[in-house]
Amino acid sequence: MIADPRRARQEALAAALVAEGLDGLLVASPANIRYLTGFSGSAAIVAVTRGDVLLVTDFRYDEQARAEAGAVARIEVESTSVWDRFFKELATLGPLGSLGYEAQALSVLDAERFAQAGKPWRWKPMKDLVERLRVAKDPGEVAAIRSAAALAGEALRQTLPQVRVGMTELEIAGILEGALRRLGSEGHPFPTIVASGARTALPHARSSRRTLVAGEWLLLDFGAQVDGYCADITRTVVVGARATERQRALYGLVAEAQLRARSCVQAGISGREADALARDVIEARGFGEAFGHSLGHGVGLEVHEAPRLSRTNADPLPAGSVVTIEPGVYLAGQGGVRIEDDVHLSAEGPVLLSDGRTELLELV
Ligand code: ZN
Ligand code: ZN
């Protein structure tokens, strides 16, 4: 029998609480709640103490909370005020002195509740206690991301043959999102980016009503989600014509930088060193200014999480994390190329989770 990974996560959090001198943590981030308890609803407040896990949710989630989290948490369902009930139940968890709360996940309105109903306890703002645990993925988490990435790759393979000059970016986003759903993606972790022509130079373009013109770039940045875990992929292709020499050269540069980074990235090097694996290639060719974002980010229950692969991160990349490798070169008025794959930084080295099919595609 395989041990429930949620128990190990709760124990790891309890150990972190001891190290911080806390008797418990109020968890409000939905991703952190899912990580610790399995509850996937949108509204709950959780307290993890050194011995108990309490989950308070509302009437809508009664059945779901018991089914998903009942084995690893005490579930309380409240139909009027979840916060009032939370503080009431918290008082039953034994003598608790100082408690942390997730400052990044609570609002100013929530802070007012602490000032009143939270009076019996000493509260300390905490930032990333659970996020730090989430960085190193267990085998089940890696498998879920791998499934999401495979699904995303297949959705793209089903979509590209349907792309025609004259279609709008939004139409293509619709075909892609339909394929993702049909193949089993639970949701779109972020708004699908389909950008064409000069709009591919906008790294976070919104899909628009612009129609595709022959010979232009088409950039698709999209995600898939399996068991709550995200994949994040970008491909850039040429539509309606063979690539020009100029397009081929630009694409080749980004592909070379991406391949170098995804094969050499590993746990233990810093976020800055990882970023440089791709940036050095692009800068050496004189396009450093046109690569204006960082190389990548962690991916898991959230599509953007720790660690950051950027020039400003001097910390070592943790073993077990899953990161995106997504260099891009953007030329204002002309267009841009970005290529993104997902890589698991295993103890044995980088393992590609997405398909890594980065040869230049010409949809003619
Ligand atoms: Zn992306
Ligand atoms: Zn990304």
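Analyst: Let us begin with accessibility: Glu 302 counts as partly exposed, because its relative accessibility is 33% and the buried class ends under 20%. Please keep in mind throughout that this is a predicted model.

User: With which residue does the side chain of Glu 302 meet in a salt bridge?

Analyst: A salt bridge is read from the distance between a side-chain nitrogen and a carboxyl oxygen, with a limit of 4 Å. Here the partner of Glu 302 is Arg 134, at 2.9 Å from N to O. The two residues belong to distant parts of the chain, 168 residues apart: Glu 302 sits in the loop between strand 10 (296-298) and strand 11 (305-309), and Arg 134 in helix 6 (residues 129-134).

User: Is Arg 134 buried or exposed?

Analyst: Arg 134 is buried, since its relative accessible area is 2%.

User: Which residue does Glu 305 meet in a salt bridge, and where do the two lie?

Analyst: Glu 305 meets Lys 137, with 2.5 Å between N and O. Glu 305 is in strand 11, while Lys 137 is in the loop between helix 6 and helix 7 (139-159); this pair, too, links distant parts of the chain, 168 residues apart. Both Glu 305 and Lys 137 are buried.

User: What does a salt bridge look like for Asp 128?

Analyst: Asp 128 pairs with Arg 132, and their closest N and O atoms are 3.2 Å apart. Asp 128 is partly exposed, at a relative accessible area of 29%, and Arg 132 is partly exposed as well, at 49%.

User: How many salt bridges are counted by this rule, and which residues are linked in a network of them?

Analyst: The count comes to 29 salt bridges. A network links Glu 154, Arg 157, Arg 235, Arg 262, Asp 341 and Asp 355.

User: How should I read the division into domains, and which domains does the assignment give?

Analyst: One takes the bounds from the assignment and then examines the contact between the parts. The assignment gives domain 1 (5-134) and domain 2 (139-363). Their centres, taken over C-alpha atoms, are separated by 35 Å. Five residues of domain 1 and eight residues of domain 2 take part in the contact.

User: What area do domain 1 and domain 2 bury between them, and how many salt bridges are counted there?

Analyst: The buried area is about 540 Å², of which 44% is on carbon and sulfur atoms. Three salt bridges are counted between domain 1 and domain 2, and two residue pairs are in polar contact. On the side of domain 1 that touches domain 2, helix 2 supplies the largest share, three residues. Another salt bridge to inspect joins Arg 9 and Glu 141, whose closest N and O atoms lie 3.9 Å apart.

User: Which residues touch the most other members of the largest nonpolar core?

Analyst: A nonpolar core is read as a set of buried residues joined through side-chain contacts. The largest one has 36 residues, and Leu 13, Leu 25, Phe 39, Leu 55 and Leu 129 touch the most other members. Helix 2 (residues 30-37) gives the most to this core, four residues. The core lies between domain 1 and domain 2, because both give residues to it. Apart from this core lies another of 31 residues, including Tyr 251, Ala 278, Val 323 and Val 343.

User: What does Leu 129 touch, leaving out residues up to four places away in sequence?

Analyst: On that basis Leu 129 touches Leu 13, Ala 16, Leu 17, Glu 20, Leu 22 and Leu 25.

User: Where is Ile 193 found, and is it buried or exposed?

Analyst: Ile 193 is in strand 7 (residues 193-196) and is buried, with a relative accessible area of 5%.

User: Finally, what should I note in the backbone about Pro 307 and Asp 227?

Analyst: For the backbone one reads the torsion angles. A cis peptide bond, with omega about 0°, joins Ala 306 and Pro 307, and Pro 307 lies in strand 11. Asp 227 has a phi near 50°, a positive value in a residue other than glycine. Asp 227 is placed in the loop between strand 8 (217-226) and strand 9 (229-239), and counts as exposed at 52% relative accessibility.

Definitions and conventions. Residues numbered from 1 in each chain as written. Chains lettered and ligands numbered in written order. Predicted model: local features only at pLDDT ≥ 70, side-chain atom pairs only at ≥ 80, totals over all residues. Heavy atoms only, no water. Core = buried A, V, L, I, M, F, W, Y, C linked by side-chain atoms within 4.5 Å. Buried < 20%, exposed > 50% of the residue type's maximum accessible area, 1.4 Å probe, protein only. Domains from an automatic or database assignment. Contact = heavy atoms within 4.5 Å. Buried area = accessible area lost by both parts, 1.4 Å probe. Polar contact = N/O pair within 3.5 Å; in protein donor to acceptor, adjacent residues only side chain to side chain.
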